[in-house]
Amino acid sequence: MKNKLCVFFILCIGLSTYGQKVKVADKYFRDFAYLKAAELYKEALKKEDSSKHILTRIGDCYYNNSNIDEAYFWYHKAIQKYNDLHPEHAYKYIQTLRSMSNYEEANRYIRRFKELQKDGKYTKGLESVNLEKFQELSATQDMRIRVKNLDSNSEFSDFGGFEIDGNLYFASSRKSDETNQKRKLYTWNEEPFLNLYTSKINRVDSIISVSDIAPLVSDNINLVNEHEGVLTITKDGSTMYFTRNNVSKRQRASYDKEGTSNLKIYSACLQNKQWSNIKELPFNDDAFSTGHPALSPDEKTLFFVSDREGGFGQTDIYKVAINSDGTFGNVENLGNEINTAGREVFPFVAKDSMFYFSSDNRINLGLLDIFESTILKTAKDENIETKNIGAPYNSGYDDFAYFINPETNTGYFSSNRIGGKGGDDIYAFDRYECKQTVNGNVYDSRTAEPLSEVTVQLIDEAGKIMSTVVSSENGSYAFENKIPCSKNFTLLATKKNYRSGNKQFSTSTVNGFVNTVDLYLTPLIIGKEIVLNPIFFDFDKSNIRVDAAYELENLVSVMKDNPEMTITIESHTDNRGSDRYNMRLSQRRADATKEYILSRGIDPSRILKAIGFGESQLLNTCRRCTKKQHEENRRSVFLIQSNYL
């Protein structure tokens, strides 16, 4: 991860005995000057010193600078040559495979990795890894998230967006004025040191842009040759907690006995529109790093990251109570529900108490991914849910410094993914519930006239009726902004004396899209006849088939909707068999049809006659009829005999 404060948490490895250049390279590596260290390690390789230490250290240099291709190349060389690679490097090799989307190889090597690491220190977060999960996390199916690379990003590193009172605060190594032009370059990545900046937030259609970018106003913040970044501010805007290198009273970097300038958290107060009264928090220490402050919604707890002793991994997330008198309670590790053997960094707590952080030792897409957890919302006797929030927030690169306002569903995250403008960029996003509209008109299929008072129901894939409307006088209907995106639905239209009609449609991924679906209903009453689809009978049979009963239900509906209606039933056969036999068969069919209708609760007096006509009124007078022509002759007709309106 380029130019972000968590790099300070990487533990330095002691000097080896390989030779002068290796020793010098080790020192640069310890001082986080990875580009220089890699150059020196490669010089040692020219002397054919391809030791495990050198190969993995070169891999580490590129891994820590998020150069995935180079990191993979050197870790792969080490793994091919040495069977007893340290599990930490095996783990990093897996991460590079993930970032390159080589999930099958990553899964294969995880099995080998678990054999190498018998005690499970590095494999704990990988127990549930599988290809399907990786593919799920990398799929960009959720189109309800818009992501924008902020125009304000520079060619250098910009990260850690924090919003309050219409202002965006962030850390950047940009060169913004003459003072910054004179700043030294940080040897780790040859960029200027980080400073804190503020800018005005502008919103157009929920997507954020910023303007009026300026360094934070203070005489004691944004020191010339020190890193400052990753901040949080109280809701009233009066107090800020921020991260800085360990600084002496002379405002110079202080180093521990190994030559590392660790991180510390400081507080500042806003007085006369300037940040002043800078104080170091009491739980800092020169021997380890403490940084990445984040406040709970009630501002009674401060969360932070540290590599102090007693943790679960390289860096853990901790919390400390903020007392009413301004003092602090005891530091507590957030536990193994959050922390792993890897790096957990950049905590953030949303207003709804959802806890966010980044980790490189859980199921992810490679390097740091953003996770959310219910740890602050879950009772002691309930299960804590911690999950990867997936794409598009996460990628195969470092994704971190998540911020969201649940009330507006807008926020920020930082990433060094492909397509950015600098080392790290700030991305703004907004989340919305993708909804669409469906509207149209309902018509009579015979006359093409619009139909009013048609009941139209919206039905989901499970068959559940989601909503119901009635068509207007001109036949129009609409379900306004009620339909989820990317799903399948059915529209069911019903009207008295019409056959029910339905139509399926699918919504797209475009929020606010209007689907137009016209519906057509077939009239069941035409003139003096109830017109059904043919009521078919099997050859030489008079029993009501299932398909015939299904069709007769339309007749039952018409008669129930029109209680004054009376009818006669006419039944016909095909021309196979004798006239006398067909006459008796048609009568049995007419009687069977009548009995079915009566069985559905229709008063017998409303069926005036049920008459069999045999083959005396054939529709098809063919001599050698097809099966279809014979079926068309085997029919029933339902004639209306009264004024039913």
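**Ring cluster**

I started with the aromatic rings of this predicted model. Ring pairs join Phe 162, Phe 348, Tyr 356, Tyr 393, Tyr 402, Phe 403, Tyr 412, Phe 413, Tyr 427 and Phe 429 into a cluster. I then looked up the total for the structure, and it holds 28 aromatic pairs.

How are the rings of Tyr 402 and Phe 429 placed? I found their centres 5.5 Å apart and their planes at 20 degrees, so I wrote the pair down as stacked. Tyr 402 belongs to strand S20 and Phe 429 to strand S22 (residues 425-431), so this pair ties together parts that are 27 residues apart in sequence. I checked burial for both partners. Tyr 402 is buried, at 5% relative accessible area, and Phe 429 is buried too, at 1%.

Next I took Phe 413 and Tyr 427. Their ring centres are 5.4 Å apart with the planes at 10 degrees, so this pair is stacked as well. Phe 413 sits in strand S21 (residues 410-415) and Tyr 427 in S22, so the parts tied together here are 14 residues apart in sequence. Phe 413 comes out buried with a relative accessible area of 0%; for Tyr 427 I got 6%, also buried.

I followed the chain out of S21. Asn 416 lies in the loop between S21 and S22. Buried or exposed, I wondered about Asn 416? Its relative accessibility is 12%, so it counts as buried, the limit being 20%.

**Cores**

Which residues have the most contacts inside the largest nonpolar core? I listed Met 240, Phe 355, Tyr 402 and Tyr 412, in a core of 57 residues. Strand S20 (residues 399-405) gives the most to this core, with five residues. A separate core has 33 residues, including Val 22, Tyr 62, Tyr 75 and Tyr 82.

I went back to Phe 355 for its neighbours. Leaving out residues up to four places away in sequence, Phe 355 touches Phe 303, Ile 317, Leu 334, Ile 338, Pro 347, Phe 348, Val 349, Phe 371, Glu 372, Ser 373, Ile 375 and Leu 376.

**Charges over rings**

I looked for charged groups over aromatic faces and noted two. Arg 244 lies over the face of Tyr 266, 5.1 Å from the ring centre. The charged end of Arg 308 sits over the ring of Tyr 318, at 5.5 Å from its centre.

H4 covers residues 68-81, which makes 14 residues. From first C-alpha to last I got 20 Å, close to the 20 Å expected at 1.5 Å a residue. Which residues of H4 are buried? They are Ile 68, Ala 71, Trp 74, Tyr 75, Ala 78 and Ile 79. These cover an arc of only 140 degrees around the axis, which puts them on the same side of H4. On the face of H4 turned away from the buried side I found exposed Asp 69 and Gln 80.

H5 (residues 87-99) was my next stop. H5 is mostly covered, with 13 of its 13 residues buried. After H5 comes Ser 101, and I noted its positive phi, near 65 degrees.

**Gly 614**

Where does Gly 614 lie? I found it in the loop between strand S35 (607-612) and helix H11 (627-633). Gly 614 is buried, at 1% relative accessible area. Not counting residues up to four places away in sequence, Gly 614 touches Ser 571, His 572, Thr 573, Asn 582, Met 583 and Ser 586. I also checked Arg 589, which is 25 residues from Gly 614 in sequence and 9.9 Å from it, C-alpha to C-alpha.

**Whole chain**

I finished with the totals. The protein has eleven helices and 36 strands. Of its 645 residues, 54% are buried. For contacts with a separation of 6 or more, I got 59% between residues 24 or more positions apart.

Methods. Residues are numbered from 1 along each chain as its sequence is written. This is a predicted model: local features need pLDDT of at least 70, side-chain atom pairs count only at pLDDT 80 or more; totals for chains, interfaces and linings use all residues. Side-chain values use heavy atoms; hydrogens and water are left out. A nonpolar core is a set of buried Ala, Val, Leu, Ile, Met, Phe, Trp, Tyr and Cys residues joined through side-chain atoms within 4.5 Å. Buried means under 20% relative accessible area, exposed over 50%, partly exposed in between (1.4 Å probe, protein chains only). Helices (H or I, at least four residues) and strands (E, at least two) are DSSP runs, numbered from the N terminus. Contact means heavy atoms within 4.5 Å. The expected span of a helix is 1.5 Å times one less than its number of residues. The arc is that of the directions from the helix axis to the C-beta atoms. Rings of Phe, Tyr and Trp (its six-membered ring) pair if their centres lie within 6.5 Å; planes under 30 degrees apart count as stacked, over 60 as edge-to-face and the rest as tilted. A charge sits over a ring if NZ of Lys or CZ of Arg is within 6 Å of the ring centre and within 35 degrees of the ring normal.
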